[in-house]
Amino acid sequence: MTETADYFAQVVLIGERVRLEPLSQRHLDDLSIAGAQPEIWRWLPTEHHYSGSMAYFISGARSQYAHRKAVPFATIHMKSSHAVGANRYTYCDTTQARPQ
């Protein structure tokens with residue numbers, strides 16, 4: 001019997017210096033601080049360093065998750081326990097048996 005992977009499971013991935021945990025509104029304050037510098041967004045299609053824009057970033061990522069289109073994570077610095085970034089698997093095609 002072959003088990004099917006659930007790419008949308010809420011998991012925490014732990015590394016030596018950071019952990020990835022499911023992105024949520026509780027990360028808003030930390031990510032607003034971490035993303036306050038315009039140069040961070042230089043090569044990305046949208047900028048989220050403006051006041052209030054990080055909430056939109058998080059809600060957009062959560063909406064993609066709700067529609068099973070992405071799996072967003074907050075990057076948590078282990079020593080400080082603060083969110084210092086965010087990332088996501090943005091193309092989860094279960095027919096290909098892997099996230100991208």
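Let's start at Y89, which is partly exposed with a relative accessible area of 38% (buried is under 20%, exposed over 50%, partly exposed in between, using a 1.4 Å probe and protein chains only). Bear in mind that this is a predicted model, where local features need pLDDT of at least 70, side-chain atom pairs count only at pLDDT 80 or more, and totals for chains, interfaces and linings use all residues. Residues are numbered from 1 along each chain as its sequence is written, and side-chain values use heavy atoms, with hydrogens and water left out.

Stepping back, the chain has two helices and six strands, in the order β-β-α-α-β-β-β-β from the N terminus; these are DSSP runs, with helices being H or I of at least four residues and strands E of at least two, numbered from the N terminus. Of its 100 residues, 29% are buried. Taking contacts with a separation of 6 or more, 52% are between residues 24 or more positions apart, where a contact means heavy atoms within 4.5 Å.

Now for the strands, which pair if DSSP finds at least two bridges between them. β3 is mostly covered, with six of its seven residues buried. On one side, five bridges tie β3 to β2 (residues 18-22) in antiparallel fashion, and L20 sits opposite T75 there. β3 also runs antiparallel to β4, joined by six bridges, with P72 partnered by R88. The hairpin of β3 and β4 has five residues between the strands, and S81 in that hairpin takes a positive phi near 60°.

On to the rings. A pair of aromatic rings is described by the distance of the centres and the angle of the planes. Rings of Phe, Tyr and Trp (its six-membered ring) pair if their centres lie within 6.5 Å, and planes under 30 degrees apart are stacked, over 60 edge-to-face, the rest tilted. That rule gives three aromatic pairs. One of them is W41 with F57: the centres are 5.9 Å apart and the planes at 70°, so it's edge-to-face. W41 is in the loop between α1 (28-34) and α2 (53-66), while F57 is in α2, 16 residues apart. Both W41 and F57 are buried.

Which brings us back to Y89: F73 and Y89 are also edge-to-face, at 6.4 Å centre to centre and 80° between the planes. F73 comes from β3 (residues 71-77) and Y89 from β4 (residues 83-89). F73 counts as buried because its relative accessible area is 4%.

Finally, R88 lies over the face of F57, 5.2 Å from the ring centre; the rule asks for NZ of Lys or CZ of Arg within 6 Å of the ring centre and within 35 degrees of the ring normal.
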